Amino acid sequence: MKDKLQALVSNKAADYLEIRIEESAVTSLRFRGPILEAVNTSLQYGGCIRALVNGGWGFITFNDVNDLEKKVAQAIHQAKLVGAAGADSKLAPVPVVEDVVHVPFLEDPRQVSLAEKVELFDSYNDIILSYGKQIVSSSINYFDKYSKIYFANSEGTYILQHKLDLAGNIAAMASDGSTTQMGRVGFGSSIDFGVARNLDAKVREACGKAINLLAAPSVRGGEYTVIVDPDLAGIFAHEAFGHLSESDFVYENPQLQAVMKLGTKFGGDFLNIYDSGLTAGARGYLKYDDEGVATEKTDLIKEGVLVGRLHTRETAAKMGERPTGNARALDYSFAPICRMRTTCIAPGEASLEDMLAGVKLGLYAKGSYGGETNGEMFTFSADEGYMIRDGKLAELVRDVNLTGNVFTTLGNIDMVGKDFTTRESAGGCGKGGQVPLPTSEWAPHMRIQNVLIGGK
Amino acid sequence: MKDLIAKAKNQAQQAELYQITVTETPVRYENNKLKSVDASSRQINALRIVKDGKLGFATSTGDNLHPLLDMAMTNAQYGRDWDLPLPGPAPLPQVELTHPSTELDLDTQVEMGDKLVRQVRECHPDLLASARVSTRQTTTRLLNSQGFAGEYSKRTFTILGSIELTEGKNFLSLYSGYMSGKLEDQLDKTIADLVKKFEHGRNNVPVKSGKYTVIFSPSGLGDIVNPLLACANGLAVEKGFSPWKDKLGEKLFSEQVSLYDDATIPFAPVSCLFDGEGIPAQSTAIIDKGVVNSFILNMVTAKALGLESTGNGFRGSNGELSAPDNSNVVLDIAETQPLEEMLSSVEQGIIIHSLMGAWAGNPYGGQVNGNIDLGFLIEDGRIKGRIKDCMVSVNVFEAFNNQILGASTEKEWAWNMLAPHLMLRDIAINAKG
């Protein structure tokens, strides 16, 4: 494979050429209620070629890996068309790499038989469906994807990466006839099927949560002091700040560059945010990105000050900064774009008691349903919330949807917890039509002032 | 394909091969410049078999058909019980899918993107315009052991334009676009829509928390209609978590409201001749004059509920087993008035074009809470400016029952939904401060 790919990218008609070939096998299971609705095995094979000519990109993706010379020529032809229209893309220099990367397995899901997987998830399904009469249904999804990704570029880099991504979601649905509520357990890993095991207690807890939510009122809309649990703090790091750190948003926008100038103070001295590719085991773990650049731990906010951002080779070149290994593609059918890996809020010093103290009326929001940002504003939903009254946790509430302005909210964080928690979920990040990309978000508890909550 | 079905029939009682090939050529403008010309071609194969009353399934890409049968046979050991005959040959509806106008060469696509970027840039020297102009050719084939052999091709044209303007910490991000099997004036409409939204969004105006008359434009309505579609989905009904599970025939909404799923609309984005299981494309009234009339069903959910499939067994982008999903969605409101008239009737209200994060709630509860990503304050019938940092909160079940104030005569496509502007009363807005 190496010689073949290196010969292909040596075509001199392009200023830069890269080829990526991906071979994946996916196993997935889906329970809905008592029925194992889908057991699927999927073999995926395909590739892509990206050419840069006179600052213009041509990109081509395919399943049919025959006639690759012709495809290289087509990518170059497309790139020329773009280059001639005055495009000015260029790439920051990076070291030439030759490497083969293996998965440091704890437990390889390919060594676990389909029968054993079915039995395991069936046992969780039994727990849910026998929990009580208010539980009306269940929903369990699991997949594992093992990929071999070959990458070669015209600068001499050649990398073969073996990758594992596995994740699942186990949900209990409770209903009282007029409303349906859900409790969920998520898991994920890039090295270990073991994360899917021993979840009985958590599954029971999710059942109880779904039932309790049935009787809970919707939260009253308004502005509150909000304590977010590590799940939500992680989503906060991702939605409320991480996306703004992606340099493709900034690199051709001088007005935004002025706002996002390195050295600008965004939060308190206790606020530290970073994004790392080195988090072995996390779904956001990767040794090299999809431009063949070694990943790293990239500090974004240190002691409240903006110190870095996430780059592809192109955004780094344009901004005169260093590539950080954040160019990622969902799979062979997409060109790499600037994406997060594992985004973290570093631990602070507060305990949950410290955070509750002094809050007259507030909200403790737990568990993440997902979030979204438009760059300036962000929103995310919690699984559940508890009102805080006079410094104490009070009644359960539901339909908790938080929103805020990225710039003011970072400054409104007034406490960061010491209970840094690693967390993996079955969700993924979406951007530019590439969804779901495996990312991870790790954080401690956090307290934020003046958060807007939707509701009547 | 035929060989595989023949081979599968020797080992299993029923077999079905679904194959889709897609070629697409997007031209992308980013930040005022032509950025990339792309080309993609892919083929997905999916084999479904029934072996000893159990379902087996597997998928592959490209011409890699060979391993599918063994994989599907292995999976059938654990597959769900299946006692349904796959559909045999049936007359397919005549649906116009592709108009010759969507056959565009690369140069034309580049020119169209260029025109969009050039024209919207005239709004402001500092704005960043992006565009994507694409044509997508899809061929879908379905073959099964019961004698169904269907194939259709369609070509859709997509235009998507966006504007970003950053002024200090104030961001204005706007989107507009269409997908269709027929190229008409979508380019000019996209440009005009972006320009109009830009003009309205240039000034921010304060908004106070309270109850407002709110107009949802077709692009803003998606999140509001979503809980209705979720409740009508056959899977949610079959599994018992849809609150409509025993409500067929009941009037839950205002008799002004009708909601259709229709895969037979000429040139519409998701029109087809048959669904992912070989059931002919059809039109289904989900809500008929306020009454819950039909669920959205594929074969297996229909069987479980003792009903007929509505031809909504669609496949995922990787050929996954069919699940009930919507094709094109049409919202009809009985009493309408021209949009201009409706807008000018509003003394104080809000028009919402786009919500953020509203999808993240629990659709079966009907409660939609979303950040107003793009919304404008209306006073005395005129748009005053953009409102920000605020949330809208709608109980969709109540809204479609007794909060409708009006709808526009004009309907617009917002991706796969054709809808009017919808005006609702007493909608809760929560704002900062």
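1. In this predicted model, the buried residues of helix α3 of chain A are A:Lys117, A:Phe121, A:Tyr124, A:Asn125, A:Ile127 and A:Ile128. Seen down the axis of α3(A), these buried residues fall within an arc of 155°, so they line one face of the helix. On the other side of α3(A), the exposed residues are A:Ala115, A:Glu116, A:Glu119 and A:Ser123.

2. Helix α3(A) covers residues 114-129, and its 16 residues reach 22 Å from the first C-alpha to the last, which is close to the 22 Å expected at 1.5 Å a residue.

3. Chain A is divided into domain 1, residues 2-215, and domain 2, residues 222-453. The C-alpha centres of domain 1 and domain 2 of chain A lie 22 Å apart, and the contact between them involves 40 residues of domain 1 and 28 residues of domain 2. On the domain 1 side of this contact, the elements of chain A that give two or more residues are β1, β2 (35-53), β3 (56-62), β5, β6, β7 (180-189) and α4. By class, the residues that domain 1 of chain A brings to its contact with domain 2 divide into 16 nonpolar, 16 polar and eight charged.

4. Further along chain A, strand β9 (residues 273-276) and strand β10 (residues 297-302) run antiparallel and are joined by four bridges, with A:Tyr274 having A:Asp299 of β10(A) as its bridge partner. Strand β10(A) also pairs in the antiparallel sense with strand β11 (residues 305-306) of chain A, over two bridges, and here A:Ile301 has A:Leu306 of β11(A) as its partner. The hairpin of β10(A) and β11(A) has two residues between the strands, and in this hairpin A:Glu303 takes a positive phi near 50°.

5. The contact between the chains takes 70 residues from chain A and 59 residues from chain B. On the side of chain B, the elements that give two or more residues are β3 (33-51), β4 (54-61), α2 (68-76), β6 (149-167), β7 (170-180), β16 (367-379), β18 (390-395) and β20 (417-431). Of these, β3(B) gives the most, with 11 residues, and by class the side of chain B that touches chain A has 19 nonpolar, 26 polar and 14 charged residues.

6. A last point concerns B:Pro363, which lies in the loop between β15 (348-356) and β16 of chain B. Leaving aside its neighbours within four places in sequence, B:Pro363 is in contact with B:Asn226, B:Pro227 and B:Ala230. The C-alpha atoms of B:Pro363 and B:Ser254, residues that are 109 apart along the chain, are separated by 20 Å.

Methods
Residues numbered from 1 in each chain as written. Chains lettered and ligands numbered in written order. Predicted model: local features only at pLDDT ≥ 70, side-chain atom pairs only at ≥ 80, totals over all residues. Expected span 1.5 Å × (residues − 1). Buried ≥ 20, exposed ≤ 12 C-beta atoms within 10 Å, placed from the backbone. Arc of directions from axis to C-beta. Domains from an automatic or database assignment. Contact = placed C-beta atoms within 7 Å. Nonpolar A, V, L, I, M, F, W, Y, C, P; charged D, E, K, R; others polar. Pairing = 2+ DSSP bridges.
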